Amino acid sequence: MVCEERNLTIEMLDENNVLFVQDIQKNCKELVWTSSSLFHLLNKGSGYGYILKSFNKYIGYILLRSLADEEEVLSLGVLNSNRRKGVASKLFYEFEKDVIRKNVKRIFLEVKVKNYSAICFYEFLGLKKIKVLKDYYKTDNGYENGLLLSKVYF
Ligand SMILES: CC(C)(COP(=O)(O)OP(=O)(O)OC[C@H]1O[C@@H](n2cnc3c(N)ncnc32)[C@H](O)[C@@H]1OP(=O)(O)O)[C@@H](O)C(=O)NCCC(=O)NCCS
């Protein structure tokens, strides 16, 4: 899919573009997935995802996993310099097309309670807080709570 303004193109993740996810994860200070875990996700883990390009540079990605009648957002990131321009929303709307097409009942994800930007973003897209996941994330000096967020479709 090509969007004329800013020359944005969304590609489905495959073996040719998946490793560009790592560069974006580094820039986002997100957990950087190993090459083998990315390939495993695409080939054996019911996983898929999208990556968004602007003028031949990859600037954002979303990693997803299909479960029985749910889908999980595993990871999402946009280069720092490209934020607040609707890039993550475009990736998320592409994902929502799959959700509708597959009749998925619910999507869910986990996020750090201190990740204000991501929580605002997900609430903007209609996700709701389901529960606090106590000490869910290991940090350098202990543990941090997570939040389980969800959106119901049907
Ligand atoms: C969260 C993240 C993916 C959002 O990407 P983005 O491309 O900037 O998001 P969008 O431009 O599509 O934002 C859509 C809306 O979400 C909300 N939003 C996004 N970032 C926000 C922020 N930092 N503060 C408040 N609201 C925010 C706003 O309502 C925004 O609309 P607006 O810009 O018109 O006000 C990006 O900040 C990021 O990559 N963060 C680091 C990685 C990360 O935390 N990933 C999530 C892990 S679960």
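This is a short tour of the structure, stop by stop, with something to select at each one.

**Before you start**

The model is predicted: local features need pLDDT of at least 70, side-chain atom pairs count only at pLDDT 80 or more, and totals for chains, interfaces and linings use all residues. Residues are numbered from 1 along each chain as its sequence is written.

**Stop 1: the two domains**

Select residues 1-104, then 106-154. These are domain 1 and domain 2 in the domain assignment of the chain. Such bounds come from an automatic or database domain assignment. The C-alpha centres of domain 1 and domain 2 lie 18 Å apart.

Now look at where they meet. Nine residues of domain 1 are in contact with eight residues of domain 2 (contact means C-beta atoms, placed from the backbone, within 7 Å). On the domain 1 side, β5 and α3 are the elements that give two or more residues. β5 gives the most, with four residues. By class, this side of domain 1 has five nonpolar, one polar and three charged residues. For these classes, Ala, Val, Leu, Ile, Met, Phe, Trp, Tyr, Cys and Pro count as nonpolar, Asp, Glu, Lys and Arg as charged, and the others, Gly among them, as polar.

Element names follow DSSP runs, numbered from the N terminus: helices are H or I with at least four residues, strands are E with at least two.

**Stop 2: the ligand**

R83, A88, S89, S117 and C120 come nearest (near means a C-beta atom, placed from the backbone, within 6 Å). β5, α3 and α4 (116-124) each give two or more residues to this shell. The largest share, five residues, comes from α4. The shell has ten nonpolar, five polar and four charged residues. Where does the ligand shell lie relative to domain 1 and domain 2? Both domains give residues to the shell, so it lies between them.

**Stop 3: the strands**

Select β4 and β5. They pair in the antiparallel sense over seven bridges (a pair needs at least two bridges found by DSSP). A hairpin of three residues joins β4 to β5. Pick I62 and find L76 in β5 opposite.

β5 and β6 run parallel, joined by three bridges. Here E72 stands opposite F108 in β6.

**Stop 4: the core**

Select Y50, Y61, I62 and L91. Of the 30 residues in the largest nonpolar core, these touch the most other members. A nonpolar core is a set of buried Ala, Val, Leu, Ile, Met, Phe, Trp, Tyr and Cys residues joined through C-beta atoms within 7 Å. Buried means 20 or more other C-beta atoms within 10 Å of a residue's own; exposed means 12 or fewer; partly exposed is in between; C-beta atoms are placed from the backbone. The elements that give two or more residues to this core include α1 (20-28), β4 (57-66), α3 (87-101) and β8 (142-152). The core draws at least three residues from each of domain 1 and domain 2.

Centre on Y50. Leaving out residues up to four places away in sequence, Y50 touches I10, E11, M12, L13, Y61, I62, L91, E94 and F95.

**Stop 5: D135**

Finish with D135, in strand β7 (residues 128-139). Is D135 buried or exposed? D135 counts as exposed because it has 12 C-beta neighbours inside 10 Å. D135 touches Y143 and N145, not counting residues up to four places away in sequence. Then draw a distance to I10: the C-alpha atoms of D135 and I10 are separated by 35 Å, with the two residues 125 apart along the chain.

Technical notes: Two residues are in contact if their C-beta atoms, placed from the backbone, lie within 7 Å.
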